[in-house]
Amino acid sequence: MIIVENLPVPFDRRVWQEATTLKEHGAEVSIICPQMKGYLTPYEVIDGIEIYRHPLPFEASGALAYLLEYGTAIYWEIKLAHKIYKKKPFNVIHGCNPPDLIYLTAKFFKRKGVKYVFDHHDITPELYITKYGREDFFYKLMLFFEKQTFKNAVASIATNESYKEIAVSRGKMNPDKVQIVRSGPKLDRLKLQDPKPEFKKGKKYLIGYLGVIGKQEGLDLLLESVKYIIQKRNDIQVAIVGGGSYLETLEQLSADMGLTDYVDFYGRVPDQLLIDILNTADVCVNPDKPTEMNNLSTMNKIMEYMALKKPIVQYDLKEGRFSAQKASLYAENTSTQDFAEKIIYLLDNESIRKEMGEYGYNRVLNELSWEYESKKLIDFYSSVFSMEN
């Protein structure tokens, strides 16, 4: 049984890839996740996987609000887990953070012999600092929950080397029980296709962004870079794809900056529309701010850009550089002018764009795709079933 609290399934691509891979290898899989826009059906079966979605009546915007949100989620996770166990007993609870509270549900089933596996998606203490800029009581609480999560897990999954290091150093996990499984893209979903000029709105070039629309994603910095570019030229259009709590604020900021004719906000879109837009983009961007959270985290959008042969511009962060390598140019951190200049350089050099796109595509094809990462997941689970609880 997989539990994910912050995104619905199958919208959460990593979780859905893990679930379908386990199903394809003979496991019976159930998922508990929240109801969110576009995914409101309380129960459905997709590809043989049972999905139970619970209400999440508000979106948190402060520390206390997050605790209330998480409390609501824990209530439903425990309730639905008992319902599922009664219907079809499970052997493993696979908890995907944030938050680091899913272990509380797992503790109810430990005496029944159910093992808890922690799938470490976000480093929550660093995420808290990114959001609130302080190491206060709630930050220490995040560290406590993280420690308890690792303590209650028989094994854990890390999305990269940085997260594995945290599991070992801060979580005191045995390195042999921490498996790196990167969120490699599935190439049968991200298909290369001809561009669709309508997304350029009559402009020569399209700059693409895919991802969550939140404060830490640096989209305010991206808008500053766009403003700098259009002061020099008016041949660009920007497509921002994704949803999040910062979307309305960002749309207003774009309007206030006079960028309405140059920036389109698409929100959350179906896969085919997303693929149409990104295939049309000439350059893709990742303006994540240089926080410790972003520095140590692998962003799915980077590898999805690479899977579609797109050159990338991003700030110089550790795991972002590891993922993209020569498929990206790296701007001086928080310098919106340098970020803009690197976009301009790529727009003016088609051969460089093509060379970087080919490099990124081959790196995904031969090293980072889900075809390779999924084998690590299956090997990991082969060892989990032989571990003592």
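Is Arg-233 buried or exposed? I looked this up in the model and found Arg-233 buried, at a relative accessible area of 17%. Buried stands for under 20% relative accessible area, exposed for over 50%, and partly exposed for what is in between (1.4 Å probe, protein chains only).

**Ground rules**

I am working with a predicted model, where local features need pLDDT of at least 70, side-chain atom pairs count only at pLDDT 80 or more, and totals for chains, interfaces and linings use all residues. I number residues from 1 along each chain as its sequence is written, and side-chain values use heavy atoms, with hydrogens and water left out.

**Entry 1: the whole chain**

I looked up the helices and strands. The chain has 15 helices and 14 strands. These are DSSP runs, numbered from the N terminus: helices are H or I with at least four residues, strands are E with at least two.

Next I checked the overall form. The radius of gyration is 21 Å, which agrees with the value near 21 Å for a compact globule of 389 residues. That radius is taken over C-alpha atoms, and the globule rule is 2.2 Å times the number of residues to the power 0.38. I also noted that the C-alpha trace spans about 65 × 40 × 40 Å along its principal axes. Of the 389 residues, 59% are buried.

Then I looked at contacts, meaning heavy atoms within 4.5 Å. I took those between residues at least 6 apart in sequence, and 70% of them join residues at least 24 apart.

**Entry 2: salt bridges**

How many salt bridges does a search of the whole structure find? The search finds 25. I count a salt bridge when a side-chain nitrogen of Lys or Arg is within 4 Å of a carboxyl oxygen of Asp or Glu.

I began with Arg-233, which meets Asp-348 in a salt bridge at 3.1 Å, N to O. Arg-233 sits in the loop between helix 7 (219–230) and strand 10 (236–241), and Asp-348 in the loop between helix 13 (336–347) and helix 14 (350–368), so the pair ties together parts 115 residues apart in sequence. Asp-348 is partly exposed, at 47%.

I then turned to Glu-50 and Lys-88, whose side chains meet at 3.2 Å, N to O. This pair links distant parts of the chain, 38 residues apart: Glu-50 is in strand 4 (residues 49–54), and Lys-88 is in the loop between helix 2 (63–87) and strand 5 (92–96). Glu-50 is buried at 8% relative accessibility, and Lys-88 is partly exposed at 27%. Both belong to a network of salt bridges that also links Lys-23, Glu-28 and Lys-87.

My last pair was Asp-276 and Lys-196, in a salt bridge at 3.4 Å, N to O. Asp-276 lies in helix 9 (residues 271–280) and Lys-196 in the loop between strand 8 (178–180) and strand 9 (205–210), 80 residues apart. Asp-276 is buried at 7%, while Lys-196 is partly exposed at 32%.

**Entry 3: helix 11**

How many of the 8 residues of helix 11 are buried? I found 7, so I call this helix (residues 300–307) mostly covered. The buried ones include Lys-301, Glu-304 and Tyr-305. I looked for the cover too, and among the elements that supply it are strand 9, helix 9, strand 12 (283–286) and helix 14. Just after helix 11, Lys-309 takes a positive phi of about 65 degrees.
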